[in-house]
Amino acid sequence: MIEARHLRVLRAVATTGSFSAAGRELGCTQPAVSQQMKALETSVGTPLLVRNGREMRLTQAGEALVRHASGILAGLTAAEEEVAAIAGLRAGRVRLVSFPSGSSTLVPTALAALRAAHPGTRVSLEEAEPPKSVELLRAGDCDIALAFRYEGAADAEEWDDLVVRPLLTDRLVGLLPERHRLARAGSVALGELADEPWIAGCPRCRGQLVQACENVGFTPRIDFATDDYPAVVGLVGAGLGVAVLPQLAVESVRPRGARTVALEPAVVREIVALTLPDLAQVPAVAATLEQLGRAARRA
């Protein structure tokens, strides 16, 4: 294996014409230069210098290696500078995947703070609901996945192989047409909505809705299903049914024509940021996780 330090010595010897002059240029002794040249010749398996008294000249192999050394050392220097920039957060890239209500609430605050603190760090954003977002993380297609899972859900994902950064606990709320008989109640028992038409959200939220309703003794009649939270709010506001949404989702839209009510029993979901153990050590990823945590504390 050719080491960069040996190439630097070879280039200095070729430039100065002697071991002693190369040593002065490199800040080391003449014996140290001689020792490193011997190590380099052993590594490549052929002589690189021909010594004749006090004079020396490069062999054909030595000339070839010197010719490549400048490009190799320049590339290493550029690589070292780029890595140092990334380590110092003067550069870097983070690929973030988030579910929609996280994208519209936690993510903007976190990324604005990250840009202010580290303007050289670039973040790309893609939207995906769990478990798809978690699959993207494990496949290496993103660096951080903003995800959630419902408390007590039968199909809760296992994240034991991931670094889990808890962000907040998001309580589900009932969403009722503003003229609904229970719209001004302080809280509503889920069973009181058993005979209502329902508007369901994303597939995971839909499954959680059915499970929560069945836990209190009824199966919801789902008339409409949409992944779009503003559409859910619009359908409820038009009086076409009732819905259950995460509080975070309600905060991301203006519920015109609809009112939120607390649900009993409480249904909550855990919001987390996930990454891989090795990625958690990358400065730009660690800084993004930190800003997501701060954004969650302000939410």
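A cavity is a set of points, on a 1 Å grid over the protein atoms alone, where a 1.4 Å probe fits but cannot get out; its lining residues have an atom within 4 Å of a point. Grid points are joined across faces, edges and corners, and a volume is the space filled by probe spheres set on the points. The structure on display is a predicted model, in which local features need pLDDT of at least 70 and side-chain atom pairs count only at pLDDT 80 or more, while totals for chains, interfaces and linings use all residues. Residues are numbered from 1 along each chain as its sequence is written, and side-chain values use heavy atoms, with hydrogens and water left out.

**Stop 1: the cavity**

Select L172, L190, Q208, L209, A212, V244, L263 and V267, which line the largest cavity. Its volume is about 30 Å³, and a search of the whole structure finds one cavity of 30 Å³ or more. Helix α7 (residues 203-215) gives the most to this lining, with three residues. Helices (H or I, at least four residues) and strands (E, at least two) are DSSP runs, numbered from the N terminus. By class, the lining has seven nonpolar, one polar and no charged residues; here Ala, Val, Leu, Ile, Met, Phe, Trp, Tyr, Cys and Pro count as nonpolar, Asp, Glu, Lys and Arg as charged, and the others, Gly among them, as polar.

**Stop 2: the nonpolar cores**

Next, select L106, I144, L146, L167, L190 and W198, which touch the most other members of the 56-residue largest nonpolar core. The largest share of this core, seven residues, comes from helix α10 (residues 283-298). A nonpolar core is a set of buried Ala, Val, Leu, Ile, Met, Phe, Trp, Tyr and Cys residues joined through side-chain atoms within 4.5 Å. Buried means under 20% relative accessible area, exposed over 50%, and partly exposed in between (1.4 Å probe, protein chains only).

Centre the view on I144. Not counting residues up to four places away in sequence, its contacts (heavy atoms within 4.5 Å) include V94, L96, L137, L274, V285, L289 and L292. A second, separate core has 17 residues, L7, V9, V33 and L49 among them.

**Stop 3: helix α10**

Now display α10. Its expected span, 1.5 Å times one less than its number of residues, should be 22 Å for 16 residues; the end C-alpha atoms are 23 Å apart, which agrees. Among its buried residues are A284, V285, T288, L289, Q291 and L292. The buried residues of this helix pack against β3 (93-98), α5 (100-117), β5 (144-150), β6 (163-177) and β12 (268-275).

In the loop between β12 and α10, select Q281. Is Q281 buried or exposed? Q281 is exposed, with a relative accessible area of 64%.

**Stop 4: S101 in helix α5**

Move to S101, placed in helix α5. S101 is buried, with a relative accessible area of 0%. Show Y229, L248, A249 and R269 as well, for S101 touches these residues, not counting those up to four places away in sequence.

**Stop 5: backbone features**

Select P130 and P131, which a cis peptide bond joins, with omega about 10°. P131 is found in the loop between β4 (122-127) and α6 (132-138). Another cis peptide bond joins E264 and P265, with omega about 0°, and P265 is found in the loop between β11 (258-264) and β12.

Finish at L89, in the loop between α4 (60-87) and β3. L89 has a positive phi of about 60° although it is not a glycine, and L89 is buried, with a relative accessible area of 14%.

Technical notes
On a 1 Å grid over the protein atoms alone, a cavity is a set of points where a 1.4 Å probe fits but cannot get out, and a pocket is an open set with protein on both sides within 12 Å along at least five of seven lines; lining residues have an atom within 4 Å of a point.
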